[in-house]
Amino acid sequence: MSIEYIETFFFSALRIATPIMYVALCATISLQGGLTNMAAESMMLISAVTGVIFSALTQNLLLGILAGALSSVLITLFLCFAAFIMKVDLYLMSIALNTAMSGATIYIMWVMTGNKANTAGYFASLQMPEVNIPIIQHIPFIGNIISGQNGFTYIAIIMIFVVWFLIFRTKLGLRIRAVGQNPQAAESVGINPYKIYTIAFVMASLIASLGGMFLSMGYQNMFIRDMTGGKGFIGMAAATIANASPIGAALLAIVFGLADAITNYSKLYITDSQFLSAMPYIITTSLLFILSYVRVKKNESDMRKRKLAALKASETQE
Amino acid sequence: MAKELLKMEGITKIYSNGFMANKDISFTVNEGEIHALIGENGAGKTTLMKILFGLEDCQQGKIFIEGKECHMENPLDAIAKGVGMVHQHFMLVPNLTVAENVVLGIEPGPGQIFDKKTAIKMTEEASEKFQLKVDPNALVRDISVGLKQKVELLKALIRGVKVLILDEPTAVLTPQEVRELFVQLKNLKENGYGIIFISHKLDEVMELCDSATVLRHGRVSGFIKREDMDEKTLSRLIVGRDIVNSIEKDDASTGETILKIRNVSYVDDIGKKIVNDVSFGVRAGEIVGIAGVEGNGQNEISEMITGLLPMTEGSIVINGTEIKGLNINQIRKLGIAHISEDRMTYGCAQDMSIYDNLASIYLDNPKFIKGAFIDQKALSKYVKDCIEEFEIACDSEKSPVRMLSGGNIQKVIVAREFTSGANIIIANQPTRGIDVGTASLIHKLLHKYTREKGFGVLLISSDLNEVMNLSDRLLIMRNGKIAAQFTDTSKVNDEMMGEYMLGIKKMTEEERGELY
């Protein structure tokens, strides 16, 4: 296996991890606010299709991205309206929204292009350019992995710190955490939990929309039906396992990206396409088991150590 | 004449279900005054305070703050107008630091940036000014209940309130923490704050408060000044009849030891040895009291006996059967009844009816089973008898338990446990947070069942009067061990108990005598 081969493997792993990273950060914000964000799929899908259409129509990348982000915010506001004002169950509503958006994006595509599979040929989306980072690109091995990625990938890495700063260093972040842990306490000092939930969800939707647009305007230059393929849920899992830590969630997203990359490279050796399409999920699920098992075992052994130490301490006392 | 800080006038509140919680209530709080609001559970104290704090609306009545008429839209509005409240269940965020909790909602810093250093400084300054010592960097989940209460006080004070509502602040505190709280409250009073002190405990009210308004069935039944306060008058105003707090206790005629605790230890999750090699017993026909500063292992003992907590070492024998390896249901069947300290979690199912709660432990009892079905007729009769015998005040046996007042909820639990066929009752804080009338009923029942039916009772309580009045033998727990035993409780007083509770004195094994 040559060096170039390994380089391309890690390069593609980072690229594949990008949308998962976005969703993981999106889920992290919601989770800090005490709610699981199950609607990330729909946030990504709607912004992916809207971004493609607007960037193609206006021939302006920034306008396309803004339109995509706006569409994601709009459906999130609808979700928040339904859940927090009309008191529909948030999770049922999220699942319903995911199903609806899967259909709605296909419908939008069909109305605009007459095609139900993808927008290629009708709308050539503008793409986020690839960026070579000065200095780093000349470092052997590392340079070839980190430099030359799509602009969205770098924004994702910046987002890790933005989200961290937001949660741990701003007033809003403090309120999000307060509401997440004890809404009554927050309410008793005049913080409206539903307002905080809504703000957290809208910010989460902005981040998720970037993940969606990476798929259709970075990774590809078109919208393909159901192109998110469950990434929203993988990101949710990453955030949950990382205990809503932005950095932990992003790192786990990269691990999941590796799982996908392994699948891609296995294509050279495995020909069964059904098995291949299931493979990233099999790897992810196994990883979840292992991580959770490691954590439980670690807690148990910590507990045992402390108990033993205490017994010894009390014995020596007597 | 001190300046009037707060006046509530003619407050009437009728809930949408037609229940009149407050009827024409008026009272005032002056600058530098601690005003007690007392009454049985369900007398309308909480509702009244909710109206004052903007959590509930009232149909009639006016609120004046420093002479100006106000209407409280919501708690934030109430705080802005100068009314703060320390809730019975703390409104704190466990994973945030003390400082973060104190400034939550009024965070310092430029724009959206949260300035942690200033927050810590603000907390330290307030902590200094009001003499409420806290560590601003500690996580709230790691600090003691007493400290949490200080954080709550700071939260209100830092927002500049002038009137503080304290909803049963001593219910969750240890005796020392209560002392400390009283010193702090008197200090606030000196500084001109007005304090509304809600409590059940008459001795505390008499010690701390300058005046008291007594509520009964949603009306003011009396206003009383400090100099006129005595236990009898207060009791009469609260329940509308004289109650004799100490029961007439006769000597116990004890039988064999039915509950044996032998060399029992418990080590908790973080490795602390909470119960340390404890042995004692409870004989038929006697009440054994356990007193001690909270957190010295009393709770764990009661939970180990009832099977809620697995013991680390030792053995517990109930009516001749070792309980190791048995589940809670099997342990109960050996003859244990449990009045839990936490009545809303372990004592009852809040949303279920009185009927269902009473029936819940009889679902496999042949007395109430006909083939595969429950014998509704027999059960119905049993429930009616319970409601009558234990004086449970309710509209119907079908109404959900959470609609009852605290005292009546406890009566439901007591009724179920006393009639469960058990002969050993573990009563853990059976009268905490409960009105005087119900408390006295429970005391009488405990006494009656041991004398007439030969029950053994293990009574764990932080109310020293309660354990002194009821116990035939009184044990003091400290650091997970039995520090003392008194076999004649009539010769015991608070001070003697305090010395053993705080570890100033220790009894030798000979002095302690036989623990059975």
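Okay, let's start in chain B: strand E16, residues 336-339, and strand E19, residues 424-428, run parallel and share 4 bridges. Quick terms: strands (E, at least two residues) and helices (H or I, at least four) are DSSP runs numbered from the N terminus, and two strands pair if DSSP finds at least two bridges between them. B:Ile336 sits opposite B:Ile424 in that pairing.

Before I go on, this is a predicted model, where local features need pLDDT of at least 70, side-chain atom pairs count only at pLDDT 80 or more, and totals for chains, interfaces and linings use all residues. Residues are numbered from 1 along each chain as its sequence is written, with chains lettered from A and ligands numbered from 1 in the order in which they are written.

Back to E19(B). On its other pairing, strand E20 of chain B, residues 456-460, is also parallel to E19(B), over 5 bridges, and there B:Ile426 faces B:Leu458. So how buried is E19(B)? 5 of its 5 residues are buried, so the rest of the structure largely encloses the strand. By buried I mean 20 or more other C-beta atoms within 10 Å of the residue's own, with C-beta atoms placed from the backbone. In a regular strand, side chains alternate between the two faces of the sheet. Here B:Ile424, B:Ile426 and B:Asn428 point one way, and B:Ile425 and B:Ala427 the other.

B:Ile424 turns up again in the largest nonpolar core, which has 238 residues; it is among those with the most contacts inside the core, along with A:Tyr22, A:Ala24, A:Leu25 and A:Ala238. A core here is a set of buried Ala, Val, Leu, Ile, Met, Phe, Trp, Tyr and Cys residues joined through C-beta atoms within 7 Å.

Take A:Ala24. Skipping neighbours within four places in sequence, its contacts include A:Gly235, A:Ala238 and A:Ala249. Contact means backbone-placed C-beta atoms within 7 Å.

Now helix H6 of chain A, residues 151-169. Those 19 residues reach 26 Å from first C-alpha to last, close to the 27 Å expected at 1.5 Å a residue, the expected span being 1.5 Å times one less than the number of residues. Among its buried residues are A:Phe152, A:Met159 and A:Leu166, and the cover over the buried ones includes H1, H7, H9 and H11 of chain A.

Last, the interface. 24 residues of chain A are in contact with 23 of chain B. On the chain A side, helices H7, H8 and H12 each give two or more residues.

Conventions:
Two residues are in contact if their C-beta atoms, placed from the backbone, lie within 7 Å. A residue is buried if 20 or more other C-beta atoms lie within 10 Å of its own, exposed if 12 or fewer, and partly exposed in between; C-beta atoms are placed from the backbone.
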